[in-house]
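Open the model in a viewer and keep the selection tool at hand. The stops below go from one selection to the next.

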Amino acid sequence: MESVFLKLVNLGISASWLVLAILVLRLVFQRAPRWIFCLLWALVALRLVCPFSLESTLSLIPSAQPLPPEILDTATPQIHSGIPAINSAVNPLLEGGMAPTPGASTNPTQVWFLILSYIWVIGALVMALYALISYWLLKRKVATATLLRENIRQSEYVDTPFVLGLFCPIIYLPYGLEEKEQNYVVAHEKAHIKRRDHWWKPLGFSLLTVYWFNPLMWLAYILLCRDIEGACDEKAIREMGLEDRRGYSTALLQCSIHRHRLAACPLAFGEVGVKVRIKSVMNYKRPAFWIVAAALAACVVAAVCFLTDPPSRREFSMDGTNLANLDPQDIVEQIENLEDTSQLYVNGDNFEITLTSDFQWESSETVRFFYFKNQETYSAQLRISPQENKYFITQAGRWPEQDSIFLLVNYLEALKYLPHAEIRQMLPHAVGYAVSLVEEGSPENYPQSLTYTPQGAGTMDGWYVHLLVEPVYENNEGTPASEGVHLFYGGEHTAPTVTKWFDYTGSPSEMDWNGELTTELPQFPGVTFCYTPEQITARSLENAEPVTLFAGMPIWNTYFCDLTGDGLPELCATLSWGSGMIDSRVIIYDYANGASYLLEDRSNYDYSLRYDYAENCLYVDRRPYMEKALVSSNRLAYMDGCIQLVGEESGGDSFSQKTTILPGNYDLDHDGTTDTVELVTVTGEFPGYELVVKKANGAELWRGIAYPAHPGYNSFFVCCLEDGDYLLQYNPMMYQGNATYTYQLFSLDEEGNPVTAQEGSVSFDVNWGTPMHESFDALALADFMDELNGLLAQSKMLLSTDPALESVDPERPQANLRWLQDTSLCNGFVYNKGKSLRENLIEFAEFIKTI
């Protein structure tokens with residue numbers, strides 16, 4: 001019963017969007033004939049009775065299943081409204097309040113839906129009983145009616161004319177109507193019968209009986225009744241002159257009744273909206289053809305947009321219910337296509353997975369994954385539903401930045417290749433298993449541990465995923481921590497093919513400083529890579545001008561190797577860099593995706609790339625700065641979204657950089673040529689970000705820095721004004737309650753020096769109610785924020801490490817004062833979101849005077 005109620009709730013929500021659209025159309029087409037609105041209400045009925053719907057990219061319904069079926073039995077209930085803001089607000093509350101407690105035999109979500117289902121059934125029975133009793137009492141009331149003519153009867157117990165009956169409709173009239181009034185009334189009631197309104201109104205009430213819990217359905221039924229009467233009025237008076245319409249209105253007024261309840265029947269002459277109907281009758285004019293045509297076109301558009309569902313791309317079929325049936329690569333590709341991203345990750349902050357003794361999914365399970373996009377972290381869930389044999393992907397929402405990451409595909413592979421026989425042997429009495437992801441540890445740290453690869457238990461090479469498998473016993477008996485088995489999954493070393501282009505590291509004298517080398521690869525048809533000692537460029541058929549990929553002083557070697565595993569080789573090179581202090585570093589340039597990764601440790605270590613012919617793989621040699629002694633030599637690999645040296649102990653001094661070319665065509669030095677804007681992400685002991693502007697020839701023009709730690713907060717935007725493109729730097733600094741907010745709008749000169757076009761600053765302190773409080777000029781702060789937001793309205797965000805801007809739309813950024821919206825920081829002041837920032841600041845200034 002819960003699933004039926006859940007289905008009806010989803011159908012009701014989908015139909016509600018159509019009801020809202022009809023409300024808008026009623027305002028737009030007030031002069032359209034009423035029968036068109038009746039047609040629109042028929043679309044609502046169709047949406048409510050059809051258990052399925054066609055999918056269309058034109059659908060305006062945000063989600064076909066706002067309440068997904070798995071919400072009844074999942075450990076992490078979530079809605080999929082199709083509106084990210086609603087999901088972000090509701091889902092944390094559901095996960096916090098409705099998640100089952102460990103070991104509990106019932107799911108709170110299922111219990112609540114069962115209770116609501118019973119309430120729904122009771123309400124529907126009450127509505128149906130009310131309709132049946134009303135019909136029976138009315139039939140008794142008119143049982144003594146006398147035949148006037150044809151299907152028209154008169155009764156002394158009738159106050160107003162109406163039609164009653166589904167298959168043999170009869171018009172009932174009260175005694176005392178004059179002949180002329182009687183003719184008007186009969187014309188109206190016959191119009192009802194011709195239009196089959198004696199079917200449509202009971203059908204509408206029947207649907208209301210089923211969907212009584214939806215307030216918009218009540219509104220829809222009331223408006224349906226009014227539109228039915230309005231349509232019949234128009235049909236009856238279509239050929240009448242002014243005098244006849246006056247008589248019709250008089251009859252309508254005399255037969256009007258005061259009804260304070262809804263009814264499924266009958267169709268009464270003066271039942272609803274008498275005042276509005278009389279006004280419409282007296283002012284009736286035949287609608288113009290273009291109005292009717294436009295209204296009908298609106299009906300067609302409404303049908304296409306609201307009778308169809310959005311494409312259900314957030315689910316796909318499972319290959320089976322056993323772990324061995326997992327297809328990690330296919331699952332990851334499906335999600336990557338859905339989320340428009342290239343790498344998916346997991347970490348220890350995930351959900352425990354429960355398996356049966358034969359390694360089947362115990363029930364619906366959840367895997368939380370996350371990814372990086374536009375300098376933001378987003379998280380969603382992979383819902384595994386063996387009952388429906390489907391995977392479901394929840395809507396993604398913003399998530400805090402994560403410190404530890406593992407590739408989702410590796411985690412799924414670790415589950416797929418679990419060594420069943422060894423686990424059964426180590427946990428012989430278990431009736432099931434609970435599997436969780438562990439972020440730390442190594443095999444030698446645990447008494448019960450096992451390493452395995454896709455080929456089974458055995459030694460591994462390279463990266464690994466650490467899983468803890470705990471036994472589940474009958475009667476939910478507790479599991480001592482010592483009984484868990486720690487499994488370490490790794491991949492056997494299958495090095496990607498390495499193709500040498502050039503290498504002068506062993507013979508520097510052979511380098512031709514004025515020479516040039518070119519090569520082409522079948523993986524990049526039409527692209528020519530060109531090397532000179534100072535740079536490597538690429539020229540394609542689409543772009544005859546060479547594009548600089550990276551530069552060095554000089555570049556010592558370059559190899560082609562598909563480290564990222566996407567089937568397209570990266571350029572792997574050793575280069576020297578610097579002026580005065582020159583160091584060696586390793587760069588990997590991903591030409592297919594326009595990203596580069598840099599391994600360096602300036603003034604501490606030099607890195608060089610070496611090709612091992614015996615193993616056919618690339619190694620990185622690390623030496624102390626400007627020395628020849630070898631410190632370490634490790635195989636080069638790309639894992640978890642960055643460069644890694646296989647076998648290198650964590651906690652070293654090395655770090656890596658990832659460079660991404662940001663989209664957009666900007667001329668920041670106003671020289672008439674397009675500049676390139678790059679985002680450099682630095683990971684390691686001192687993480688941070690750099691924004692680099694380069695000229696078309698690859699020469700660096702300007703560089704800005706931002707750090708995730710509070711003293712290094714910084715934000716950069718590109719501001720496109722009528723007279724050219726500018727960089728906008730916004731820096732809101734606050735220390736011990738003393739704040740100084742600054743912004744600078746600037747272009748670059750030919751040497752890359754900032755040329756200020758506009759700047760502003762404001763200072764204040766937030767030490768309310770203390771002797772340290774000096775001043776708070778609300779108007780000055782409001783003026784500053786208005787100036788800033790005026791510029792931001794014409795800007796796009798390039799880089800920001802300021803948490804106050806973490807929820808800002810990068811395409812339409814606007815700065816707000818996050819502290820002003822925190823009641824704990826503002827001594828209880830409540831920010832009014834219905835007012836502007838300036839108005840809130842002024843009110844806050846008055847508020848703090850009372851502190």
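**Stops on the tour**

Select R610 to begin: R610 is partly exposed, its relative accessible area being 30%. The model is predicted. Because R610 sits in strand β28 (residues 605-612) and D621 in strand β29 (residues 617-624), the pair ties together parts that are 11 residues apart in sequence.

Next, select D583 and R585, whose side chains meet in a salt bridge of 3.1 Å, N to O. D583 is buried at 0% relative accessible area, and R585 also counts as buried, at 8%.

For another salt bridge, go to K849 and E846, where the closest N and O atoms are 3.3 Å apart. Here K849 is exposed, at 63% relative accessible area, while E846 is partly exposed at 46%. Then select R26, R34 and D227, which a network of salt bridges links. The count of salt bridges comes to 20.

Now turn to nonpolar residues. Select L18, L40, W41 and V44: these have the most contacts inside the largest nonpolar core, which has 52 residues. Helix α1 gives the largest share of this core, 11 residues. Around L40, show I22, L25, C299 and A302, which L40 touches. A second, separate core has 49 residues, including I331, I353, F370 and I384.

I119 belongs to helix α4 and is partly exposed, at 44% relative accessibility.

Notes. Residues are numbered from 1 along each chain as its sequence is written. This is a predicted model: local features need pLDDT of at least 70, side-chain atom pairs count only at pLDDT 80 or more; totals for chains, interfaces and linings use all residues. Side-chain values use heavy atoms; hydrogens and water are left out. A nonpolar core is a set of buried Ala, Val, Leu, Ile, Met, Phe, Trp, Tyr and Cys residues joined through side-chain atoms within 4.5 Å. Buried means under 20% relative accessible area, exposed over 50%, partly exposed in between (1.4 Å probe, protein chains only). Helices (H or I, at least four residues) and strands (E, at least two) are DSSP runs, numbered from the N terminus. Contact means heavy atoms within 4.5 Å. A salt bridge is a side-chain nitrogen of Lys or Arg within 4 Å of a carboxyl oxygen of Asp or Glu. Lists of a residue's contacts leave out its neighbours within four places in sequence.
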